[in-house]
Amino acid sequence: MSESTTPEYLTRALNMLETFPVQEPEPAEDDGAYVLPPPAVHPAKIADELLKLPEFGDLATGGACIEWLFKRDEKRKGGRQVLGTAHLPKVQGDLNPCFVWMLERLFGRPPDFLIILDKTFWYQATPKLREILVFHELSHCIHKTNRSGEPMYDLEERPVWGLRAHDVEEFTAVVRRYGAWNDDIKSFCAAIIAHAEETQVSSGAS
Ligand SMILES: [Zn+2]
């Protein structure tokens with residue numbers, strides 16, 4: 001993950017983009033901990049459309065292979081439910097070839113990115129919420145750059161992919177595209193404005 005200089009209060013608010021207040025637990029279903037999304041509700045359908053946006057130009061140009069899984073069991077972070085996580089699907093050491101082989105068996109090819117979504121949320125969410133979540137997760141997926149900001153390539157001239165932590169730019173991209181769509185984001189916007197005003201008034205460092 002990239003190092004972030006985002007202030008703590010912004011990080012907290014940015015985390016809210018992909019978490020929800022915890023509600024009553026769903027009754028457990030008798031299926032696997034992870035499942036491939038069924039074609040009818042597959043997130044890739046939404047992602048394919050979003051990848052045409054300028055925000056994701058690098059992913060589209062570089063031909064990033066993105067695969068998706070649904071997760072049955074709820075994950076919590078700070079009393080909130082995690083709706084999605086983006087990963088570079090690699091493991092350390094000698095196990096990696098075996099892991100890559102398993103991914104090939106599962107997806108037909110080893111993906112550059114693996115995005116895992118909360119299954120219960122996905123089935124309950126409106127199309128717009130699903131799209132916002134996919135947009136958010138895709139925002140974590142980037143073409144890595146070197147210190148001078150140049151895009152990096154491997155020896156076979158394939159892009160070197162990376163993950164980006166929550167940052168203000170990514171947050172503003174979501175708000176620009178979708179507006180302040182829930183109360184958390186509204187209070188986040190209010191916090192930014194208040195913070196900006198405070199900084200102006202005191203003209204001190206923040
Ligand atoms: Zn996120």
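Colleague: Let's start with T145: which loop is it in, and how many C-beta neighbours does it have inside 10 Å?
Modeller: Bear in mind that this is a predicted model. T145 sits in the loop between β8 and β9. Buried would take 20 or more C-beta neighbours and exposed 12 or fewer, so T145 counts as partly exposed, its number of neighbours inside 10 Å being 14.

Colleague: E157 has a positive phi; what is the angle, and is E157 buried or exposed?
Modeller: E157 is found in the loop between β8 and β9. Its phi is about 65°, although E157 is not a glycine. There are 6 other C-beta atoms within 10 Å of E157, and the cut-off for this class is 12 or fewer, so E157 is exposed.

Colleague: On to the sheet: in what order do its four strands come, and which are the edge strands?
Modeller: The sheet is open, its pairing is mixed, and the order is β2-β3-β7-β6. Pairing on one side only is what marks the edge strands, and those are β2 and β6.

Colleague: How do the neighbours of β3 run, and how many bridges join β3 to β7?
Modeller: On one side, β2 and β3 run antiparallel and are joined by two bridges. There, Y34 stands opposite K71, and V35 has F70 as its bridge partner. K71 also stands opposite D118 in β7. β3 and β7 pair in the parallel sense, and the number of bridges is six.

Colleague: How many residues of β3 are buried?
Modeller: One face of β3 has I66, W68 and F70, the other has E67, L69 and K71, and all of these are buried. β3 is therefore largely enclosed by the rest of the structure: the buried count is six of the six.

Colleague: Which element gives the largest share of the largest nonpolar core?
Modeller: That core has 23 residues, and A64, I66, F113, I115, L117, L138 and C141 have the most contacts inside it. β3, β7, α5, α6 and β8 each supply at least two of its residues. With five residues, the largest share comes from α6.

Colleague: Which residues is F113 in contact with, leaving aside its neighbours within four places in sequence?
Modeller: F113 is among the residues with the most contacts inside the core. A64 and I66 are on that list too, and both are in contact with F113.

Colleague: Where does α6 lie, and at what angle does it run to β6?
Modeller: α6 has 13 residues and reaches 18 Å from first C-alpha to last, close to the 18 Å expected at 1.5 Å a residue. Its buried residues include I132, L133, V134, F135 and L138. α6 lies across β6 and β7, and its angle to β6 is about 30°.

Colleague: How about α4: how many of its residues are buried, and which residue with a positive phi follows it?
Modeller: For its 12 residues, the end C-alpha atoms are 16 Å apart, which agrees with the span at 1.5 Å a residue. The number of buried residues in α4 is zero, so α4 lies largely in the open. The residue that follows has a positive phi near 90°, and that residue is G108.

Colleague: Last one: where does pLDDT stay under 50?
Modeller: For the protein chain the mean pLDDT is 82, and 71% of residues reach 70 or more. Where pLDDT is low, predicted coordinates should not be read in detail. The model has three contacts beyond four places in sequence for the stretch you're asking about, and pLDDT stays under 50 over residues 200-206.

Definitions and conventions
Residues are numbered from 1 along each chain as its sequence is written. This is a predicted model: local features need pLDDT of at least 70, side-chain atom pairs count only at pLDDT 80 or more; totals for chains, interfaces and linings use all residues. A nonpolar core is a set of buried Ala, Val, Leu, Ile, Met, Phe, Trp, Tyr and Cys residues joined through C-beta atoms within 7 Å. Two residues are in contact if their C-beta atoms, placed from the backbone, lie within 7 Å. Two strands pair if DSSP finds at least two bridges between them. The expected span of a helix is 1.5 Å times one less than its number of residues. pLDDT is the predictor's confidence in each residue, from 0 to 100. Axes are lines fitted to C-alpha atoms, for helices over the stretch in contact, and angles run from 0 to 180 degrees between N-to-C directions.
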